[in-house]
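Thank you for making time this morning. I would like to walk you through one chain, and I will begin with a question once it is on the screen.

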Amino acid sequence: MEYVAALKSADLGDGSMLAADVGGEHVLLTRLGAEVYAVGGYCTHEKTDLGRGFMVEDRVVCPLHLSQFDLKTGAVQNPPATEPLRRFNVKIEGGTIFVEV
Ligand code: FES
């Protein structure tokens with residue numbers, strides 16, 4: 001596991017999310033207040049790209065069958081998905097967001 005640069009911190013506004021491919025992983029990055037979070041970027045139901053989904057408060061809604069996942073923890077909130085998203089460690093250094101992959 002190592003920290004890999006994902007995005008410029010300035011490109012991720014408060015209350016927004018962006019998908020990025022980081023070290024072979026597709027991740028979904030979110031800034032909520034002072035914190036940045038990263039979870040797996042594919043829905044655990046049928047591998048839909050959650051970067052094409054939409055945010056409701058601190059959750060992402062899958063665009064295909066509307067399962068929701070907590071963007072801080074990856075926890076699944078409703079079916080049809082039953083498995084949580086993987087959660088990744090994040091750090092910000094020198095204006096860049098790094099994800100541990
Ligand atoms: S692919 Fe996401 S809920 Fe079905």
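This is a predicted model: local features need pLDDT of at least 70, side-chain atom pairs count only at pLDDT 80 or more; totals for chains, interfaces and linings use all residues.

Which residues does Cys43 touch, not counting residues up to four places away in sequence? They are Thr48, Leu50, Cys62, Leu64, Ser67 and Ala81, where two residues are in contact if their C-beta atoms, placed from the backbone, lie within 7 Å. Residues are numbered from 1 along each chain as its sequence is written.

Staying with Cys43 for a moment, this residue sits in the loop between β4 and β5, and it counts as buried because 24 C-beta neighbours lie inside 10 Å. By buried I mean that 20 or more other C-beta atoms lie within 10 Å of a residue's own, by exposed that 12 or fewer do, and by partly exposed anything in between, with C-beta atoms placed from the backbone. Cys43 and Phe98 are 55 residues apart along the chain, and their C-alpha atoms are separated by 22 Å.

Let me now step back to the whole chain. The secondary structure of the protein chain comes to zero helices and ten strands, where helices (H or I, at least four residues) and strands (E, at least two) are DSSP runs, numbered from the N terminus. For 101 residues, a compact globule would have a radius of gyration near 13 Å, and the protein chain agrees with that at 13 Å; the radius is taken over C-alpha atoms, and the globule rule is 2.2 Å times the number of residues to the power 0.38. The C-alpha trace spans about 40 × 25 × 20 Å along its principal axes, and 32% of the 101 residues count as buried. Among contacts between residues at least 6 apart in sequence, 40% join residues at least 24 apart.

Turning to the sheets, strands of a sheet pair through backbone hydrogen bonds, either parallel or antiparallel. Here two strands are said to pair if DSSP finds at least two bridges between them. Four strands form an open sheet in the order β2-β3-β4-β8, with antiparallel pairing. In that sheet β2 and β8 (87–88) stand at the edges, each with a single partner strand, so one side of each is left without a neighbour in the sheet. Seven bridges join β2 to β3, and Val22 stands opposite Glu25 in β3.

There is also an open sheet of three strands, ordered β1-β10-β9 and again antiparallel in its pairing. Its edge strands are β1 and β9 (90–93), each of which pairs on one side only. Neighbouring strands of this sheet are turned by 35° against each other on average, direction ignored, where axes are lines fitted to C-alpha atoms, for helices over the stretch in contact, and angles run from 0 to 180 degrees between N-to-C directions. Four bridges join β9 to β10, and the bridge partner of Val90 in β10 is Val99.

Which residues touch the most other members of the largest nonpolar core? Of its 24 residues, they are Ala6, Val27, Leu28, Leu29, Ala38, Val39 and Val99; such a core is a set of buried Ala, Val, Leu, Ile, Met, Phe, Trp, Tyr and Cys residues joined through C-beta atoms within 7 Å. The elements giving two or more residues to this core are β1 (3–8), β2 (16–22), β3 (25–32), β4 (35–40) and β10 (96–100). Leaving out residues up to four places away in sequence, Ala38 touches Val27, Leu28, Leu29, Phe88, Val90 and Val99.

Gly40 lies in strand β4 and counts as buried, with 20 C-beta neighbours inside 10 Å. Beyond four places in sequence, Gly40 is in contact with Val27, Gly74, Leu85 and Arg86.

Finally, some backbone details deserve a look. Most residues other than glycine have a negative phi, and most peptide bonds are trans. Lys47, in the loop between β4 and β5, has a positive phi of about 60° and is exposed. Glu57, in the loop between β5 and β6 (59–61), has a positive phi near 55° and is exposed as well. A cis peptide bond joins Pro79 and Pro80, with omega about 15°, and Pro80 lies in the loop between β7 (68–70) and β8.
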